Amino acid sequence: GLDRWWQTRLHVGQLMSRLLNFCILVNTHIRPPRDSEGALRATQEAACHLYRSTLVRWANLFHVLVYTQARNTHDITDLVQDKRFNPPREWLTEEEWGILAGRAEENAEQMHESIVKRLS
């Protein structure tokens, strides 16, 4: 019992360490290109910010899902708006939830519009 628990704890610690390293790499390397004068373009900066924040949010989602699985919890409906935190966390967007719930065809156009809106 104790040996298995300790091994699990070590593996989860390694996993979280690698997730943290991934988030640091994402925030370090996903940067918009600069023009010849060294200036950033606003649209490219906005797109890079969206990519960075989405990848880090997914890494956090993975973290939450590991502990959800460990608790043997199958209800993940609170991942769209997790009210256990103040302010509530959004681990999944409504569009992503639609894909996971099997409504990808219905939400394809809506998701495209949402991404375009975020980038403009």
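Between which two helices does the loop that holds asparagine 72 lie? Asparagine 72 sits in the loop between α2 and α3 (94-100).

## The model and its confidence

This is a predicted model, in which local features need pLDDT of at least 70 and side-chain atom pairs count only at pLDDT 80 or more, while totals for chains, interfaces and linings use all residues. Residues are numbered from 1 along each chain as its sequence is written, and side-chain values use heavy atoms, with hydrogens and water left out.

The predictor's confidence in each residue is its pLDDT, which runs from 0 to 100. Its mean over the chain is 81, and 82% of the residues reach 70 or more.

## Overall layout

The chain has 4 helices and 0 strands; helices (H or I, at least four residues) and strands (E, at least two) are DSSP runs, numbered from the N terminus. The order of the elements is α-α-α-α.

Of the 120 residues in the chain, 23% are buried. Buried means under 20% relative accessible area, exposed means over 50%, and partly exposed is in between (1.4 Å probe, protein chains only). The chain exposes about 9,100 Å², and carbon and sulfur atoms supply 58% of that area; accessible areas come from the Shrake-Rupley method with a 1.4 Å probe, and for residues only the protein chains shown count as cover.

Helix α1 has 28 residues and reaches 41 Å from its first C-alpha to its last, close to the 40 Å expected at 1.5 Å a residue. The expected span is 1.5 Å times one less than the number of residues in the helix. Met16, Leu19, Cys23 and Val26 are the buried residues named in α1. An α-helix has 3.6 residues a turn, so residues three or four places apart point the same way. The cover over the buried residues of α1 includes α2.

Helix α2 (residues 42-70) has 29 residues and reaches 42 Å, close to the 42 Å expected. Its buried residues include Ala47, Leu50, Arg57, Leu61 and Val64. Arginine 52 also lies in α2. Arginine 52 counts as buried because its relative accessible area is 8%. Leaving aside neighbours within four places in sequence, arginine 52 is in contact (heavy atoms within 4.5 Å) with Val26, Asn27, Ile30, Arg31 and Glu45. The C-alpha atoms of arginine 52 and arginine 31 are 8.9 Å apart.

## Nonpolar cores

A nonpolar core is a set of buried Ala, Val, Leu, Ile, Met, Phe, Trp, Tyr and Cys residues joined through side-chain atoms within 4.5 Å. The largest one has 7 residues: Leu61, Val64, Leu79, Val80, Trp91, Leu92 and Trp97. A second, separate core of 5 residues includes Met16, Leu19, Cys23 and Val66.

Not counting residues up to four places away in sequence, tryptophan 91 touches several residues, among them Arg57, Asn60, Asp82, Phe85 and Glu96.

## Asparagine 72

Asparagine 72 counts as exposed because its relative accessible area is 52%.
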